[in-house]
Amino acid sequence: MSETLLVDKIARRPAWWAGLGSYIRHRPFFILALLVTLAFLAIALLGTAVTPFDPTFQDMEAPMSPPSSTHWLGTDSYGQDLLSRAMAGARYAFLTGICSVLLGALGGLAVGLMAGLAGGRTEWFLMRIVDAILALPSLVMAIAFIAILGQGVDKVILAVGLALIGPFARTVRADVLQVRALPFVEAAGLMGIGKLAIVRRHILPNVFFPLVVQATIRISEAILVSSSLSFIGIGIVPPTPDWGLMIAEGRGFVSFAPWMSGVPGAALAILLIALAIVGDGIREQMDPKQRAGH
Amino acid sequence: MTALLFELLDVEKSYELRGGGAAFRPGPKRRLRALDGVRLTVARGDSVALVGESGSGKSTLLRVLMGLTSPTDGRALYGGQDVTQLKGERRAAFQREVAMVYQDARGSLNPRLPVLDLIAEPIRHHKLRAGPAVRDRVLELLDQVGLPAATLKRYPSQLSGGQVRRVAIARALASEPLTIVADEAVSGLDVSTQAQLLNLLVELQRRMGLTLIFITHDLGVASFLCDQIAVMYLGRIVETGPTRAILERPAHPYTQALLNAQPRFFAPIAQPLQGEIPSPIDLPPGCRFAGRCPRAVPACREDDPALMPSGQGRAVACIRPLTAAA
């Protein structure tokens with residue numbers, strides 16, 4: 001009797017729901033990381049609408065107060081609410097992360113495509129420049145660009161984006177070389193399809209998807225580099241609530257007010273780990289070879 | 001009089017090899033002759049099967065024929081013009097009139113495009129249909145190769161090996177070609193699918209005078225589909241002629257050996273060919289089959305026989321052909 005009921009229940013469950021259930025069971029970390037990332041993203045989008053205080057409001061009554069019922073995660077030396085500032089900081093983290101990766105990916109796509117398609121001297125020249133850029137860590141590159149461009153959110157995005165062109169260009173070029181050698185590109189040529197159409201219809205889509213995957217993985221690197229710039233004090237300028245900046249501000253008080261650096265530090269660490277897991281998951285999903293089996 | 005479509009005039013394709021030396025010191029230069037003096041003419045409406053072991057140069061011959069590889073010596077002509085030098089209208093005509101089916105069917109289809117776009121590409125490119133008629137034509141082609149209409153929205157990764165081959169053949173037919181050049185187009189398919197595709201090709205051949213150049217391992221396929229056969233061995237054509245005559249009375253010992261190696265019902269495989277196909281690098285003088293030939297005499301290791309006509313449209317490159325002995 002009970003058995004038939006169970007069978008009945010299983011049969012009635014919609015297929016996609018069952019699929020989701022097994023997905024959650026097989027990849028709990030991916031789902032958890034995805035939820036964390038989405039939560040950060042939601043906070044970043046909603047901004048001051050959901051923060052308990054104005055992130056730049058200075059509560060002179062309670063400077064450097066430990067976590068309490070009013071200020072859940074404590075306040076900094078100006079009496080600014082750390083929870084509000086950490087939440088507002090998510091917006092800048094995503095803004096700099098996503099925009100600079102977009103910039104880097106587009107630049108890398110252009111350079112990599114040109115190098116991969118042109119070949120010969122052009123390729124040699126472009127790739128030697130990329131090698132030179134890659135010889136320096138992206139943080140050092142970004143510092144160099146900041147030294148030229150100056151400070152501010154837009155400058156940080158530009159600096160980190162430029163520093164990311166190198167690695168993107170290299171992967172795009174490798175993909176272009178690989179795709180170009182595949183028979184379907186030759187077959188399109190035999191049919192008499194024009195060179196531009198071959199690039200647009202046959203090469204670009206096969207290069208674009210790996211690039212998207214690469215971009216999702218690089219967002220965390222971009223966030224880390226831009227936070228590092230603020231931490232060193234050459235990125236985003238105060239009083240903008242940026243995590244790197246907040247960590248730097250709390251650095252001097254870490255022995256008796258550890259929450260000041262701890263809160264933005266934890267926010268940064270949690271987001272980066274979540275993004276890394278999500279990026280890996282997306283890469284596995286996007287790989288057409290792995291997907292072919294399903 | 002039949003118009004000649006393809007002509008290969010003493011085509012030679014060799015690759016320079018380096019290597020085999022110690023680190024940082026290249027070894028002596030060696031030459032790999034993938035094709036060595038191949039002559040072949042294909043007239044409109046002909047159907048030619050290229051048979052031979054792996055490594056005998058069949059695929060290289062096809063690439064030279066299609067202008068994908070330029071020969072190191074000799075010329076490959078299409079309609080009397082060098083195939084790599086075709087310009088403008090002639091080039092566009094060649095691109096529409098000749099369609100190729102790749103051995104690696106899956107690799108020849110863009111994995112990011114659905115079947116509809118894959119097959120529609122040549123139709124749209126050559127402006128053979130417009131608007132909604134394109135889709136109808138694709139459906140018609142899918143039906144011809146025996147694939148259901150639902151295949152339209154599938155991606156190559158969702159199709160089986162046999163289905164991918166059929167999509168590749170449908171795409172080759174989409175440009176309404178005069179010639180289909182196919183590299184192992186039907187091998188690896190199950191027998192009923194193979195029969196369906198072979199019947200389709202034979203029908204197109206009869207109805208539209210389709211020219212076929214077909215690489216195959218399967219002598220059965222060759223005899224069903226093709227009037228002419230060219231047997232290749234180590235970059236040379238060793239025997240050509242009408243398929244029926246050659247398969248019934250082979251003149252070259254190698255053709256005989258291939259026939260013997262063909263499995264038959266309830267019979268053990270008689271006299272399998274001894275040894276491996278030798279390396280095409282730095283071949284010894286004399287007939288290149290001499291090392292494996294059961295009929296070889298000392299003269300075979302000195303004289304390299306050329307492909308000589310032996311009557312009835314046949315030609316054979318052997319100093320002791322089987323037909324002469326009989």
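Residues are numbered from 1 along each chain as its sequence is written, and chains are lettered from A and ligands numbered from 1 in the order in which they are written. In this predicted model local features need pLDDT of at least 70, side-chain atom pairs count only at pLDDT 80 or more, totals for chains, interfaces and linings use all residues, and side-chain values use heavy atoms, with hydrogens and water left out.

Me: What is the mean pLDDT of chain B?
Reply: pLDDT is the predictor's confidence in each residue, from 0 to 100. The mean for chain B is 85, and 94% of its residues reach 70 or more.

Me: Which residues of helix α2 of chain B are called buried?
Reply: Buried means under 20% relative accessible area, with a 1.4 Å probe and protein chains only. In helix α2 (residues 88-97), a DSSP run of H or I with at least four residues, the buried residues are B:F94, B:Q95 and B:E97.

Me: What do these buried residues pack against?
Reply: Contact means heavy atoms within 4.5 Å. The partners include α8 (183-191) of chain A and β1 (4-17) of chain B.

Me: How are strands β9 and β10 of chain B joined?
Reply: A strand is a DSSP run of E with at least two residues, and two strands pair if DSSP finds at least two bridges between them. Six bridges join β9 (residues 228-233) to β10 (residues 236-242), and the two run antiparallel; therefore they count as paired. B:M232 stands opposite B:I237 in β10(B).

Me: Why is one side of β6 and of β11 in chain B left without a neighbour in the sheet?
Reply: Eight strands form an open sheet in the order β6-β7-β8-β3-β9-β10-β12-β11, with mixed pairing. β6 and β11 (308-311) stand at the edges, each with a single partner strand, so one side of each has no neighbour there.

How values were computed. Buried < 20%, exposed > 50% of the residue type's maximum accessible area, 1.4 Å probe, protein only.
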